[in-house]
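Good morning, and thank you for making time for this presentation. Please look at the sequence and the structure as they come up on the screen.

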Amino acid sequence: MDPMTSSPSAPTVQLDEVARLSGAARRSSRWYRTYLLVFAAASFVLAVATGLLAGTPGVAVVTGLWAAFVAVSSVWVVRRPTAIRGMKQLHLGVMLGWTAAWVVTVVVGSTVFPGQLGWWVLGGVLTAAAPVAGAVLAHRRTA
Amino acid sequence: MTPADHTGRHPRHELDDVIHAPVRLSVVATLSGVDKAEFSFVRDAVEITDSALSKQVAVLEQAGYVTVTKGYVGKRPRTWLALSAEGRTAFERHLAALTQIAGQARQAAATGPGTVSAP
């Protein structure tokens with residue numbers, strides 16, 4: 001008699017093992033959620049610092065720090081051993097949203113609200129929105 | 001009596017011969033949870049040697065179920081494994097058959113011996 005068709009344990013054990021391995025792989029890609037949350041926090045700081053330091057050499061320092069953050073985090077990302085399901089589309093969407101929010105923040109902030117910190121705080125929230133939304137999606141996909 | 005699905009066939013006919021091997025099932029299960037995974041990650045998850053994984057991946061690749069991408073991160077060579085769309089479909093079909101067999105076997109065990117026979 002084929003144990004696969006007669007014993008309830010053989011297929012059940014296989015299904016349990018499938019769930020265990022698939023879950024472990026999914027959880028291993030949670031780094032992307034963390035990355036997006038750090039990116040969101042850094043984006044908020046970038047926007048507020050840009051507004052606070054507008055017209056001073058401090059803006060160049062902030063821009064340099066941002067470039068360093070992006071470079072270091074990018075290296076960290078490519079060294080991760082797994083990639084979350086649908087990562088290309090998710091990352092593209094987050095980056096498009098972030099770029100649009102950043103352009104709006106800088107253009108409107110420097111032309112309509114120059115020197116108004118409130119706008120840059122709002123801009124910080126706007127630029128953080130896309131990565132936070134991405135982190136929520138990433139959390140759901142890796143649960 | 002032989003347990004069968006609505007088509008009259010026993011669900012074991014739906015099991016995929018390529019995926020059914022335990023190590024290959026583990027490899028595919030690991031890859032099913034992600035877009036792609038590094039070779040070393042899969043090796044550690046499945047707890048086999050490099051050469052054993054290479055052999056099983058070659059079978060899966062030949063069946064069109066897994067894609068293998070080689071590249072570099074800095075100076076270190078990396079190999080990435082991913083489940084193809086065809087592989088994901090085959091895996092889901094295999095899982096559905098396994099689930100059905102497990103359900104039928106449980107049902108047979110609950111109703112008593114001698115109610116299930118291999119076709």
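Predicted model: local features only at pLDDT ≥ 70, side-chain atom pairs only at ≥ 80, totals over all residues.

Which residues does B:Glu38 touch, not counting residues up to four places away in sequence? They are A:Arg79, A:Arg80 and A:Pro81, together with B:Arg78, B:Thr79 and B:Trp80. Contact here means heavy atoms within 4.5 Å.

Residues are numbered from 1 along each chain as its sequence is written, chains are lettered from A and ligands numbered from 1 in the order in which they are written, and side-chain values use heavy atoms, with hydrogens and water left out.

To return to B:Glu38, this residue lies in strand β1 of chain B, residues 36-38. Helices (H or I, at least four residues) and strands (E, at least two) are DSSP runs, numbered from the N terminus. B:Glu38 is buried, because its relative accessible area is 8%; buried means under 20% relative accessible area, exposed over 50%, and partly exposed in between, with a 1.4 Å probe and protein chains only. Its side chain makes a polar contact with the side chain of B:Arg78, at 2.6 Å. A polar contact is a pair of N or O atoms within 3.5 Å; within protein, one must be able to donate a hydrogen and the other to accept it, and residues adjacent in sequence count only if both atoms are side-chain atoms.

Let us turn to the interface. In chain A, 32 residues are in contact with 33 residues of chain B. The two chains, A and B, bury about 2500 Å² between them, 67% of it on carbon and sulfur atoms; buried area is the accessible area (1.4 Å probe) that two parts lose on being put together, summed over both. Five residue pairs are in polar contact across this interface, both residues being at pLDDT 80 or more. On the side of chain A that touches chain B, the elements giving two or more residues are α1 (3-6), α2 (9-28), β1 and α5 of chain A. The most comes from α2(A), with 13 residues.

An α-helix has 3.6 residues a turn, so residues three or four places apart point the same way. A:Glu17 counts as partly exposed at 30% relative accessibility, as does A:Arg20 at 41%.

In chain B, B:Arg43 forms a salt bridge with B:Asp44, the closest N and O atoms being 3.0 Å apart. B:Asp50 also forms a salt bridge with B:Arg43, again with 3.0 Å between the closest N and O atoms. Through shared partners, B:Arg43, B:Asp44 and B:Asp50 are joined into one network.

Conventions. Salt bridge = Lys/Arg side-chain N within 4 Å of Asp/Glu carboxyl O.
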